[in-house]
Amino acid sequence: MKLLNYTTSYFSAILLVLLGIWAVIFYLEMLDEIYDSLDDGLDNQKMLVIKRAKQDAELLQRSQFKDGNYTIRPIDKNSAISFKDFYRDTLMYMQNEDEYEPVRLLETVFKKDDEFYKLKIITSMVEEDDLIEDLLFSLILLYVGLILSIVLLNNLILKKIWNPFYTLLQQLKDFRLGKDQKIETVPSNIDEFNLLNTRVEQMLGKSISSYNSQKQFIENAAHELQTPLAISINKLELLVEKEELNEEQIELIASVLNNLEGLTRMNKSLLLLSKIENQQFPEEEIVDFNAVITDLKSDFEDLAGHKEMKINLKSTTSLKYKMNKGLARILLSNLLKNAIIHGQRNSEIEIEISAKNFIIRNTANNGALDPEKVFSRFQKDSSSKTSTGIGLAIAQTIAKKYEFQLTYYYEQKHTFQLRFPR
Amino acid sequence: MKILIVEDEQDMLQNMKDFLLKENFVVETAESIAEARNKIGVYTYDCILLDINLKDGSGFQLLEELKRKNIEDGVIIVSARNSLDDRLEGLNLGADDYLAKPFHMAELNARVKAVLRRRQFNGNNKIKIGNLSIDLDEHEASIDDNPLNLNRKEYEILLFFTSNQNRLVNKSALAEHVWGDHIDQADSFEFIYSQIKNLRKKLKTAGADIEIKAVYGIGYKLITQ
């Protein structure tokens with residue numbers, strides 16, 4: 001849920017509860033005030049009626065309300081003496097509404113010429129159900145109005161206030177280390193946002209610079225290693241030609257040479273890897289993957305033939321993509337080489353090209369590999385001594401550079417799938 | 001045959017010099033552009049091995065000067081900067097070849113010989129060793145004028161060996177030369193062995209008086225009987 005909606009939803013829940021409590025209190029207070037003023041009115045009328053009754057004896061005969069709002073009836077002395085004024089709610093038939101409606105009733109007694117009379121005065125009262133209905137309706141209106149105002153405020157004011165935050169967030173979402181982009185923050189009057197901005201800038205600056213220096217270090221190290229490696233190998237090649245060496249000595253030199261050559265291969269791969277990561281292959285052209293793989297297939301024919309493998313190329317369509325041609329060759333050749341080296345003798349390598357996919361499969365005797373680890377550097381099959389374990393890492397780095405998806409899965413065969421973005 | 005090596009890395013220079021001396025070339029060396037410029041002004045070389053990163057400038061500079069002065073010495077650029085741009089620039093400036101460090105001595109030898117051949121045997125482009133002859137224009141090898149019927153890879157292997165006759169050829173040097181970088185991760189010895197076995201068989205049936213001898217653990221040697 002978005003931050004703005006989140007606050008709005010919180011506000012609506014809290015307001016619902018608050019308005020509910022407030023409505024109950026308001027209702028009770030109002031009702032109390034209404035009763036108070038009705039009772040006062042009744043009391044006043046009582047005094048007026050008693051005053052008039054004392055002058056006009058005819059009034060004492062009113063035993064029905066009829067068109068008036070009071071009745072007077074004589075009562076005996078005993079019950080009159082113990083009688084106290086009291087107010088109560090009752091129902092009375094109303095002609096206009098054609099139903100019983102609540103009325104407020106005051107009962108009292110008075111004395112005239114040693115006779116006691118009971119006086120009942122009524123006044124019409126608020127209809128509570130109508131009152132509640134009106135109140136509820138107003139409350140809903142108020143509630144909706146409040147929520148709308150909050151949403152409006154959130155969108156107008158809060159959005160403006162939170163703008164630096166959202167700008168930063170948007171950039172962080174798209175940020176990828178190694179893509180050499182800078183985060184641009186919006187200056188703000190709010191201390192917290194300024195702190196966030198400076199901290200994020202500092203931390204990213206540090207990450208970018210350590211990432212760059214690490215990349216640079218690998219490239220420089222690999223580069224500096226090349227010359228001493230070349231010199232050592234060349235010196236051993238010269239040494240091994242000397243006539244006086246015996247077979248045992250030649251074998252020793254051969255072993256050193258093999259290791260140095262392994263080191264050179266690994267160094268070359270690392271150099272290539274960091275060159276790709278350092279964006280040193282800017283030239284791009286439309287590469288025809290069918291042509292590249294056909295070419296590679298013939299290059300690898302000897303090697304595949306040596307393992308009695310068949311490379312079966314199935315292509316239903318042309319697959320072209322704009323990228324560096326050298327890298328395209330390296331990408332496909334690493335996948336093909338991997339399939340040949342790790343595939344079983346006397347088996348078949350299947351290559352499938354469709355509109356958006358390049359798939360290569362080889363048979364295996366060791367079951368599924370860990371798809372998480374298969375592309376990491378120096379991850380290697382222990383049965384192969386000469387493999388550097390960087391080939392698939394290089395393929396993955398190239399795929400990422402061009403936003404292809406290179407994935408591994410196992411379905412009776414090891415399968416590497418290269419998915420193109422369009 | 002006279003060769004000039006322009007290289008500021010002492011050990012590298014010594015290696016190349018030692019190796020090429022064994023091929024009976026006359027080898028001279030220069031460690032800077034200035035020194036190389038002086039030597040080129042006085043002598044004519046059949047081939048110049050030119051490093052790009054030199055203390056007093058870029059090897060490309062010297063190459064440009066050579067072309068401007070119409071000096072026709074063959075030039076092979078030898079550089080640690082293995083980038084396509086450098087390679088293209090070098091070849092555009094008129095270098096005959098471009099060799100990236102690190103390289104095997106046998107590869108250097110083959111490149112030097114190829115440059116020398118191109119420059120010297122105009123029209124008559126043939127190599128003869130014993131009763132083997134290779135026609136470089138026709139890409140054909142024959143023993144006593146009987147064609148050997150080699151496939152493309154076998155032909156390249158044989159050609160590489162003839163450039164390095166009586167020298168020990170490292171198996172990975174051979175693999176890189178013939179199959180490019182592709183082979184480097186494979187268990188190359190066994191693979192190359194089977195490739196060479198076929199070539200040997202063809203040479204033997206044709207009655208060749210050269211032989212490809214295995215040197216245990218390292219590689220092969222082409223020897224003339």
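A: Between domain 1 of chain B and domain 2 of chain B, seven residue pairs are in polar contact, both residues at pLDDT 80 or more; a polar contact is a pair of N or O atoms within 3.5 Å, where within protein one must be able to donate a hydrogen and the other to accept it, and residues adjacent in sequence count only if both atoms are side-chain atoms. The model is predicted, with local features needing pLDDT of at least 70 and side-chain atom pairs pLDDT 80 or more, while totals for chains, interfaces and linings use all residues. Side-chain values use heavy atoms, without hydrogens and water, residues are numbered from 1 along each chain as its sequence is written, and chains are lettered from A in the order in which they are written.

On the side of domain 1 of chain B that touches domain 2 of chain B, helix H1 (10–22) and helix H5 (105–120) of chain B each supply at least two residues; helices are DSSP runs (H or I, at least four residues), numbered from the N terminus. H5(B) gives the most to this side, six residues. By class, the residues of this side are three nonpolar, two polar and five charged; Ala, Val, Leu, Ile, Met, Phe, Trp, Tyr, Cys and Pro count as nonpolar, Asp, Glu, Lys and Arg as charged, and the others, Gly among them, as polar.

One salt bridge is counted between the two domains (a side-chain nitrogen of Lys or Arg within 4 Å of a carboxyl oxygen of Asp or Glu). Glu23(B) and Arg167(B) form a salt bridge through their side chains, at 2.9 Å from N to O.
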